[in-house]
Amino acid sequence: LRSDFRRQVLNTNSPEQRLYKLVDFMLKPRGLGLEYEAGATKTVGESYRTRRVNCMSFTMMAVALAREAGLSAYAQQIDRIMAWDLSGDVVTQSLHANAVVVIGERKFMLDIAVGRLSAPVVDYRITDEHLLALFYGNRAMELLGTGRLAEAMAWQTEALRHNQLDATLWNNAGVLRQRLGDSMGAEHLYLTAA
């Protein structure tokens with residue numbers, strides 16, 4: 001990934017050109033050709049191997065690669081509910097994340113849902129720790145959906161280690177505790193979320 005990235009993106013001194021080349025590298029077939037898949041909460045390495053990303057894994061990769069290119073970048077969370085889903089007896093709501101790259105006074109949004117550079121529509125910056133918490137929380141909920149509750153709880157615990165202020169993470173931990181048969185523990189987690 002790094003050698004391809006350096007060859008295709010870092011061959012210019014212009015920050016703007018590096019940004020445009022970064023977007024092409026991530027989205028076009030001659031680069032990574034990343035494609036959206038809702039349940040693809042993956043590490044940067046996994047995304048590189050599979051070429052499948054959801055908004056979380058795309059955002060993580062975009063921030064990491066932008067920084068590798070010497071650009072200022074951060075993640076943002078869109079707090080609007082983007083979708084509701086029902087799978088068996090599990091109801092989920094999906095929020096959205098994307099990356100923002102700052103060059104001088106200008107901000108550019110990189111978003112797998114948009115598929116090109118655009119001006120940021122929302123600017124709710126989150127820390128790297130919060131981004132990691134959301135990543136672990138997403139993976140936990142994917143595991144919950146497949147019935148792998150003990151694994152899901154391990155991922156959810158890691159999510160809370162990275163961010164203890166996000167009520168959604170506490171709520172999801174409560175759902176997992178409830179599914180594991182620990183009603184008292186679930187109640188404690190729900191009250192923490194409130």
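The crossing of H1 and H2 is right-handed, meaning that the near helix is turned clockwise from the far one by less than a right angle. The model is predicted, with local features needing pLDDT of at least 70, side-chain atom pairs counting only at pLDDT 80 or more, and totals for chains, interfaces and linings using all residues. Residues are numbered from 1 along each chain as its sequence is written, and side-chain values use heavy atoms, without hydrogens and water.

**Helices H1 and H2**

- H1 (residues 2-9) packs against H2 (residues 15-27) at an angle of about 130°, and their axes are 9 Å apart.
- Asp4, Phe5, Gln8 and Val9 in H1 are in contact with Arg18, Lys21, Leu22 and Phe25 in H2 (heavy atoms within 4.5 Å).
- The H1 contact with H2 comprises four nonpolar, one polar and three charged residues.

**Asn163**

- Asn163 lies in the loop between helix H6 (149-162) and helix H7 (167-179).
- Asn163 is buried, at a relative accessible area of 12% (buried is under 20%, with a 1.4 Å probe and protein chains only).
- Its side chain reaches the backbone nitrogen of Asp166 at 3.2 Å.
- Leaving aside residues up to four places away in sequence, Asn163 touches His130, Ala133 and Leu169.

**Arg51**

- Arg51 sits in the loop between helix H3 (44-50) and strand E2 (52-53).
- Although Arg51 is not a glycine, its phi is positive, at about 65°.
- Arg51 is partly exposed, with a relative accessible area of 26% (between the 20% limit for buried and the 50% limit for exposed).

Conventions: Axes are lines fitted to C-alpha atoms, for helices over the stretch in contact, and angles run from 0 to 180 degrees between N-to-C directions. Helices (H or I, at least four residues) and strands (E, at least two) are DSSP runs, numbered from the N terminus. Ala, Val, Leu, Ile, Met, Phe, Trp, Tyr, Cys and Pro count as nonpolar, Asp, Glu, Lys and Arg as charged, and the others, Gly among them, as polar. A polar contact is a pair of N or O atoms within 3.5 Å; within protein, one must be able to donate a hydrogen and the other to accept it, and residues adjacent in sequence count only if both atoms are side-chain atoms.
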